[in-house]
Amino acid sequence: MSSTSFTARIHEAITPNSLRAYLAEFISTFVFALAVAGSSMSSRKLMPDVNSDPSSLVAVAIAGAFGLASAVYISVNISGGHVNPAVTFAKVVSGHMPFVTAIFYWTSQILGAIMGCLLLKITTVEHNVTTPAIAQEMTGFGASILEGFLTFGLVYTVFAASGDPRQGHMASTGPLMIGLMAGANILASGPFSGGCMNPAYAFGSAAIAGSFKNQAVYWLGPLFGAAIAGLLYGNVVFPVQDSDCRTRDTQDGFR
């Protein structure tokens, strides 16, 4: 990349619209982290043996689904509704976003998650913020692979639900579909790897809880799974170079 091109990327990353996008990502990730961490803390307060009570898993999954759907909805028209560094990484890998812009997105998302968890820590006083955890019988490698596949499903849904012009009027249901996929993944993997799928939330909760144990699991797995989802959808299922042609076909009534 030439110095002129790099300078142009920097200027593009600090335009008023870009700054609004970063703020939107901060707010939406803040809202999401508040919902997920808060539901987990509430479950621990109300259920003495939360680890063996399936209703706690259902509660966290519902909060995750509703929280993510709402977070995506409030930011999708401003920033694209990423709410997750893995989604942003997939956009970079698939050629939909410059790397410089992604750095600002990641910063906004991580800060939003930290502030959401910090608010809970301050307001609930004696209660600790919970972090995603790996089951004792699982290895870090196995948990990372599981998180990778979960994030693949989530990010693939993001591309299909919010980035495909062929959706037409169905695009309005995109945030809900994304939330439902996240909730399903939490139900499927919560007791095993935590069903995190979001490096920003993993880091934010760990920073406030003061424990970064197994943090690599929640970065390597999700980023790898997201990259595969972005490349597969953007280059095989719905190639970028065919997007203009396919959009015209859709508008003209050809499916």
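Guide: Let us begin with a term. The axis of a helix is a line fitted to its C-alpha atoms, taken over the stretch in contact, and the angle between two axes runs from 0 to 180 degrees between their N-to-C directions. Please bear in mind that this is a predicted model.

Visitor: At roughly what angle do the axes of helix H4 and helix H6 cross?

Guide: The axes of H4 (residues 85-93) and H6 (residues 140-162) cross at roughly 65° and come within 10 Å. The crossing of these helices is right-handed. From H4, the residues that make the contact are Ala86, Val87, Ala90 and Lys91, and from H6 they are Thr151, Val155, Val158 and Phe159.

Visitor: How is burial read, and how much of the chain is buried?

Guide: A residue is called buried when its relative accessible area is under 20%, and exposed when that area is over 50%; partly exposed lies in between. Of the 255 residues in this chain, 47% are buried. The chain exposes about 12700 Å², and carbon and sulfur atoms supply 66% of that area.

Visitor: Which residues of H4 are buried?

Guide: They are Pro85, Ala86, Val87, Thr88, Ala90, Lys91 and Val92. H4 is thus mostly covered, with seven of its nine residues buried. These buried residues pack against H5, H6, H8 (199-209) and H9 (217-237).

Visitor: Why is H8 described as largely enclosed by the rest of the structure?

Guide: H8 is described in this way because eight of its eleven residues are buried. Among them are Pro199, Tyr201, Gly204 and Ile208. The partners against which the buried residues of H8 pack are H2, H4, H5 and H9.

Visitor: Let us turn to single residues. Is Thr151 buried or exposed?

Guide: Thr151, in helix H6, counts as buried because its relative accessibility is 0%. Leaving aside neighbours within four places in sequence, Thr151 is in contact with Ala86, Met197, Pro222 and Ala226. Thr151 and Ala182 are 31 residues apart in sequence, while their C-alpha atoms are 8.7 Å apart in space. For the chain as a whole, residues 24 or more positions apart account for 76% of the contacts with a separation of 6 or more.

Visitor: Which residues does Ser75 touch, not counting those up to four places away in sequence?

Guide: Ser75 touches Ala24, Glu25, Ser28, Gly80, Gly81 and Val83. Ser75 is placed in helix H3 (residues 54-75), and its relative accessibility of 0% is why it counts as buried.

Visitor: Which residues make the nonpolar surface patch?

Guide: The patch is made by Ile10, Ile14, Leu19, Phe99, Ile103 and Phe104, and has an area of about 520 Å². Helix H5 (residues 99-123) gives the most to this patch, with three residues. Leu19 belongs to helix H2 (residues 16-46). As its relative accessibility is 47%, Leu19 counts as partly exposed.

Visitor: Finally, how should I read a positive phi?

Guide: Most residues other than glycine have a negative phi. Val125 has a positive phi of about 60° although it is not a glycine. Val125 is found in the loop between H5 and H6, and at 58% relative accessibility it counts as exposed.

Visitor: Where is Asn214 found?

Guide: Asn214 is found in the loop between H8 and H9. The phi of Asn214 is also positive, near 60°. Asn214 has a relative accessible area of 31% and is therefore partly exposed.

Methods: Residues numbered from 1 in each chain as written. Predicted model: local features only at pLDDT ≥ 70, side-chain atom pairs only at ≥ 80, totals over all residues. Heavy atoms only, no water. Patch = residues over 30% accessible without salt bridge, like charges linked within 9 Å, V, L, I, M, F, W, Y side chains within 5 Å. Areas by Shrake-Rupley, 256 points an atom, 1.4 Å probe, with all protein chains shown as cover. Salt bridge = Lys/Arg side-chain N within 4 Å of Asp/Glu carboxyl O. Helix = DSSP H or I, 4+ residues; strand = E, 2+ residues; numbered from the N terminus. Buried < 20%, exposed > 50% of the residue type's maximum accessible area, 1.4 Å probe, protein only. Left-handed = near helix turned anticlockwise from the far one by under 90°. Contact = heavy atoms within 4.5 Å.
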